[in-house]
Amino acid sequence: MATSADRLVGTTQVRVSMPTAPGSVGIFGGTFDPLHLGHVAAAERARQSLGLEVVLLVVANDPWQKSPDRQVSPAEERLAMARLGVEGHQGIEVCDLEVARGGPSYTIDTVEELAQSGVMLPWLVVGADLAGMLDTWERADELRHLVRVAVLSRPGSPLRLPAGWRSVAIESDDLDISSSDIRRDVRAGLPLAGRVPEDIIRHISQQGLYA
Ligand code: ATP
Ligand code: MG
């Protein structure tokens, strides 16, 4: 029988069962610039559908596929907002492994680091817009053997399974929210209520982010 215990996963204290059952941890990575309610709903849905102990919101340090094209907020700022956004959500934890590691954030490195802490065969949780991109990720041919993929539906992207990856599709709440739209709307002075957790809205305005 699995017992519950606090385990140190990198620098993040995570409550996982011991020994970790295969597939009981979800890795939901992203830039989270900022975290919005679409992310929270997707994480909740993945946890519930897959019966996961914990979904780790892994905040990318340097999202190398995005950073050449646009300015990304400092990692500490994105981490702080993610923490505000999931406070009180049981089974969803913010993971700072990639920020602590520094440099470009490769999921394969994170999966290998988690494996050293006993987390085997985690679920890689991605929105439908990313499912077709997995082959472009660093060391994709190794990564495909170390994870299972859960693809969540997202408005604007067809819900397709990535060929060559063990994967399942999950119908999510289909919230039409993106961080890009949020950043644009802050610049335009439009309200964020109902799309971003209240504490994050306050943080954005206090810190003058995206203005
Ligand atoms: P940006 O517009 O800056 O790309 P984003 O809203 O896509 O921001 P990311 O940080 O890029 O957010 O995404 C992190 C993960 O969350 C990705 O797997 C993405 O597909 C997923 N995701 C983001 N928004 C949603 C949503 N509304 N529904 C389902 N999945 C989502
Ligand atoms: Mg995105």
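Tutor: In this predicted model, F32 counts as buried because its relative accessibility is 2%, and buried here means under 20% relative accessible area. F32 belongs to the loop between β3 and α1, and although F32 is not a glycine, its phi has a positive value, near 50°. The loop between β3 (25-30) and α1 (37-50) also holds P34, and the peptide bond that joins D33 and P34 is cis, with omega about 0°.

From here we can turn to the ligand. A backbone N or O atom of F32 lies 3.0 Å from an oxygen atom of ligand 1, while in the case of H36 it is an N or O atom of the side chain that is found 2.9 Å from an oxygen atom of ligand 1. The side chain of S180 likewise has an N or O atom 2.4 Å from an oxygen atom of ligand 1. Taken alone, ligand 1 exposes 600 Å², and the protein buries 92% of that area. There are 22 residues around ligand 1, and those that come nearest are H36, K66, D129, S179 and S180.

Next come the strands. Strand β8 (residues 167-170) runs parallel to β7, and 4 bridges join the two; within this pairing, V168 in β8 is the bridge partner of A150. Strand β6 (residues 123-127) also pairs with β7 in the parallel sense, over 5 bridges, and there V125 stands opposite A150 in β7. Between β6 and β7 the chain passes through helix α5 (residues 140-146), and this β-α-β crossover is right-handed. Of the 5 residues of strand β7 (residues 148-152), 4 are buried, so β7 is largely enclosed by the rest of the structure.

L56 lies in strand β4 (residues 54-59), and L56 counts as buried because its relative accessibility is 1%.

Key. Residues are numbered from 1 along each chain as its sequence is written. Chains are lettered from A and ligands numbered from 1 in the order in which they are written. This is a predicted model: local features need pLDDT of at least 70, side-chain atom pairs count only at pLDDT 80 or more; totals for chains, interfaces and linings use all residues. Side-chain values use heavy atoms; hydrogens and water are left out. Buried means under 20% relative accessible area, exposed over 50%, partly exposed in between (1.4 Å probe, protein chains only). Two strands pair if DSSP finds at least two bridges between them. A crossover is right-handed if, with the strands pointing away from the viewer, the path from the first strand over the helix to the second runs clockwise. A residue is near a molecule or strand if one of its heavy atoms lies within 4 Å of it. A polar contact is a pair of N or O atoms within 3.5 Å; within protein, one must be able to donate a hydrogen and the other to accept it, and residues adjacent in sequence count only if both atoms are side-chain atoms. Accessible areas come from the Shrake-Rupley method with a 1.4 Å probe; for residues, only the protein chains shown count as cover.
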